[in-house]
Amino acid sequence: MAFQRYIELSVTTKDGESVKIDELRIDFDIERTSSEKNNRAVVRVYNLTKETSAKISEADGHILLRAGYKDEAVGTIFTGDIVRGTREREGNDYITTIEAFDGRTAVMSGIVSLSYAPDTDALTVAQALLDAIGLANKGTDLIPSGEKYAHGYCFFGMAVDGLRDLLDRFGLCFTIQDETLFIYEDGKEMENTGLQLEEGGDLLSLPQIVSDKTETSDIEKEAANRWAFSAKLNPELVSGAMVKVSSSTFTGEVVIKTAYSTGSNMDGDFRVDIEAEAV
């Protein structure tokens, strides 16, 4: 019945030491979008020793965060690279705060210098850029086969910049979710979860319409058919995932655009606040 809240934080320090924490108070805020921007997590751990706090909050470490209910399911809800850590006193508590970004190290270190002869396949160039980034990837089959750079291809710089330019040519986008780079068509799902969120079940709030044209400069274009709602935490509720919603205000399939996960192992629900676009 989703009563036994559980959070487990595993940290691999920049020196390769492994630290696991699951018996202290842990709070998390995770921001996921389907854009190229790296997803971000802020994790707060209460009353660690000064020594352990120093180990896990040092930049260039790596975190894996698992959460859920022991009487139902526990799963990985975030992996990423630590960029900042602090230890502060608040009343009687010492709080260690870690800020991490999904795939950041791979993105920042993926520098390339490429030069290809005329009539090189676009997929060949894309694969070289993906190899430089070094993350697992999905969706290269969306790049049209046989498309070539008639006059050759030269590029020097961050591989993600080159990949963005290449995908723009074909109307494609990319995002990084759980250290996997997804290439996708805007408005279409990257993964079909098969999940069904129902009123009285996993839905924590009824879907409400969101009317927003800030993402387009075309004043003639209709606002996207977006809906906002909250659901119980589930590792599959990430940006780009398709889910089925069944409620008195909306019933149908949606693709998640943004997902904000929050929770604490001390009180309250683990929840995901979602904005999604109807399919």
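Student: How many residues line the second largest pocket, and which of them lie nearest its centre?

Tutor: The lining consists of 16 residues, and Glu72, Ala73, Leu233, Asn234 and Pro235 are the ones nearest the centre. The model is predicted, so local features need pLDDT of at least 70 and side-chain atom pairs count only at pLDDT 80 or more, while totals for chains, interfaces and linings use all residues. Residues are numbered from 1 along each chain as its sequence is written, and side-chain values use heavy atoms, with hydrogens and water left out.

Student: What makes a set of points a pocket, and what makes it a cavity?

Tutor: The points lie on a 1 Å grid over the protein atoms alone. A cavity is a set where a 1.4 Å probe fits but cannot get out; a pocket is an open set with protein on both sides within 12 Å along at least five of seven lines. Lining residues have an atom within 4 Å of a point. Grid points are joined across faces, edges and corners, and a volume is the space filled by probe spheres set on the points. On that basis the second largest pocket has a volume of about 260 Å³.

Student: Which strands each supply at least two residues of its lining?

Tutor: Strand 5 (62-69), strand 6 (73-90) and strand 15 (191-198) do. Strands (E, at least two residues) and helices (H or I, at least four) are DSSP runs numbered from the N terminus. The lining divides into 9 nonpolar, 4 polar and 3 charged residues, where Ala, Val, Leu, Ile, Met, Phe, Trp, Tyr, Cys and Pro count as nonpolar, Asp, Glu, Lys and Arg as charged, and the others, Gly among them, as polar.

Student: How many cavities of 30 Å³ or more are there, and what lines the largest cavity?

Tutor: The count is 3. The largest cavity, of about 50 Å³, is lined by residues including Ile30, Arg32, Ile77, Leu233, Asn234 and Pro235. Its lining comprises 7 nonpolar, 2 polar and 1 charged residues.

Student: Why is the protein chain called as compact as a globular protein of its length?

Tutor: The chain holds 4 helices and 20 strands. Its radius of gyration is 21 Å, close to the 19 Å that the globule rule gives for 279 residues, so the chain is as compact as a globular protein of that length. The radius is taken over C-alpha atoms, and the rule is 2.2 Å times the number of residues to the power 0.38.

Student: Why is glutamine 127 called partly exposed?

Tutor: Buried means under 20% relative accessible area, exposed over 50%, and partly exposed in between (1.4 Å probe, protein chains only). Glutamine 127 has 31%, so it counts as partly exposed. This residue is in helix 3 (residues 122-133) and touches Asn137 and Thr140, not counting residues up to four places away in sequence, with contact meaning heavy atoms within 4.5 Å. Of the 279 residues in the chain, 45% count as buried.

Student: What makes the phi of asparagine 47 worth a remark?

Tutor: Most residues other than glycine have a negative phi. Asparagine 47 has a positive phi near 65°. Asparagine 47 sits in the loop between strand 4 (40-46) and helix 1 (50-56), and its relative accessibility of 36% makes it partly exposed.

Student: Where is glutamate 179, and what is its phi?

Tutor: Glutamate 179 is in the loop between strand 13 (172-177) and strand 14 (180-185). Its phi is positive, about 60°, although it is not a glycine. At 24% relative accessibility, glutamate 179 also counts as partly exposed.
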